[in-house]
Amino acid sequence: MRYVSTRGTARSLGFEDTLLAGLAEDGGLYLPESWPALAPDALREIAGQPYAEAALRVIAPFVGAEIAAPALAALVRDSYSGFGHRAVAPLKQLGEGLWLLELFHGPTLAFKDYALQLVGRLFDHALARRGERVTVIAATSGDTGSAAIEALKDRASVEAFILHPKGRVSEVQRRQMTTVDAANIHNVAVEGTFDDCQDLVKAMFADARFRREFRLSAVNSINWARIMAQAVFYVAAGAALGAPDRRVAFAVPTGNFGNIFAGWVARAMGLPVERLVIGSNRNDILTRFVETGEMAMRPVEASLSPAMDIQVSSNFERLLFELSGRNAERVAAAMAEFRAGGRFRASAEEWRGMRALFDAVRLDDEGTKRTIREIYETTGELIDPHTAIGIHAALHARRDPRVPVIAIATAHPAKFPDAVEAATGARPPLPARLAGLFDRAERFTVLPNDLGAVQGFIRRRVSVQGAA
Ligand SMILES: *Cc1c(COP(=O)(O)O)cnc(C)c1O
């Protein structure tokens with residue numbers, strides 16, 4: 001399989017090069033040259049298989065011949081062997097036609113583990129084979145950071161710098177990052193927002209000299225391999241509810257658009273997805289886009305669902321590429337306009353294509369607390385604020401009522417215990433495997449929102465550790 005950039009001027013790459021590059025050299029995002037198909041019978045077989053076997057079926061065509069089948073199988077099985085639930089991604093019925101896909105049984109209790117546990121292993125496999133090392137830099141609004149750290153800690157081929165917005169992640173999230181004691185992990189608290197962190201990462205990638213000197217690599221949701229690994233849980237859940245013989249819909253608490261775009265990928269491969277519902281918090285750029293056809297940036301505001309406090313949904317670029325008929329020139333122009341003026345408008349056809357499959361629902365903090373309380377009172381389930389937005393979106397979107405909707409639970413309630421307790425009076429306990437989180441020492445460096453300061457820090461740390 002070859003991968004092409006959404007902006008059309010970077011050369012196409014094979015799977016491993018795409019994995020290691022993250023962002024394309026022209027600033028675009030990689031997508032496979034064509035979409036492999038999962039035949040109806042393959043979907044039916046997946047319904048009865050363990051998660052890791054389903055993952056292999058979905059992933060193998062994207063990897064192609066670059067990793068031998070037995071080696072890939074071993075990496076995939078190992079990735080999901082340590083999860084805290086035997087089904088890995090259990091589906092729970094919440095009500096009539098409403099299902100919850102629990103994606104919080106990985107080591108850091110958020111859905112990002114489902115991709116990053118595999119991506120970390122794929123990185124190590126590729127780099128070890130090549131005898132190379134890379135510097136991973138990632139911006140996190142809370143959950144990516146800890147999931148990346150758990151996936152990359154102590155891997156010999158990787159030095160990792162994780163930027164989080166200072167004071168804007170929950171205490172559990174911060175401690176999950178800063179208490180990991182591994183010499184190759186460097187936590188940076190940036191005096192700014194998540195979008196500032198993301199801009200710093202993008203600027204470092206855009207600095208060709210710096211990028212080459214430190215062999216920069218990304219495990220952010222802009223990395224194609226993460227999207228690929230996330231397509232698995234859409235396929236597995238859809239098959240479990242009867243696909244291909246029954247259509248399904250998904251409702252997804254959305255920030256950077258990486259999770260829900262993986263739902264689009266599952267559909268492109270043949271899963272009969274009736275609708276994809278975007279759940280937004282008050283940072284509702286995507287919901288406004290679905291309503292108006294214009295992507296218009298506003299300042300980020302802090303909410304109860306910090307992983308969604310985002311105004312630049314990087315992965316939307318991938319969907320725009322598809323909505324525009326894979327017109328890379330059009331995508332590059334729209335992205336340049338967005339960067340310069342904070343807005344761009346979809347063409348009538350792009351917007352129609354968007355609305356044909358996507359719907360979007362926003363929910364403020366009051367509504368989030370109300371939903372957490374209602375779900376607790378009616379089902380006994382404690383849900384986190386992100387998940388509440390997904391469930392609310394599932395219940396309030398334009399949909400065919402005969403089609404079951406799967407709301408995605410993106411975090412364990414114990415990651416956001418204060419919000420859950422305020423809404424329900426019940427405090428969700430941390431799973432036993434995280435015991436000790438509040439006793440361990442924290443390690444992080446505070447830096448200003450300044451490219452030179454962050455680059456200088458990376459330079460010093462890498463020269464000490466001897467990477468690059
Ligand atoms: C990352 C994250 C999201 C947003 O996912 P995107 O792929 O950025 O849209 C939602 N909820 C939680 C708990 C997350 O960690």
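A nitrogen atom of the ligand lies 2.8 Å from an N or O atom in the side chain of T410. The protein covers 97% of the 380 Å² of accessible area that the ligand has on its own (Shrake-Rupley method, 1.4 Å probe). This is a predicted model, in which local features need pLDDT of at least 70, side-chain atom pairs count only at pLDDT 80 or more, and totals for chains, interfaces and linings use all residues. Residues are numbered from 1 along each chain as its sequence is written, and side-chain values use heavy atoms, with hydrogens and water left out.

| Ligand atom | Protein partner | Distance |

Around the ligand stand 15 residues (a heavy atom within 4 Å). The closest are K112, D143, G255, N256 and N259.

Now Q230. This residue belongs to helix α10, residues 224-240 (a DSSP run of H or I, at least four residues). Q230 counts as buried because its relative accessibility is 1% (buried means under 20%, with a 1.4 Å probe and protein chains only). Leaving out residues up to four places away in sequence, Q230 touches F111, A115, G258, N259 and A262 (heavy atoms within 4.5 Å).

P413 sits in the loop between β14 (405-409) and α18 (417-424). P413 also counts as buried, at 6% relative accessibility. Beyond four places in sequence, P413 touches L382, I383, D384, V420 and P428. P413 and V134 are 279 residues apart in sequence and 34 Å apart in space, C-alpha to C-alpha.

Conventions:
Helices (H or I, at least four residues) and strands (E, at least two) are DSSP runs, numbered from the N terminus. Buried means under 20% relative accessible area, exposed over 50%, partly exposed in between (1.4 Å probe, protein chains only). A polar contact is a pair of N or O atoms within 3.5 Å; within protein, one must be able to donate a hydrogen and the other to accept it, and residues adjacent in sequence count only if both atoms are side-chain atoms.
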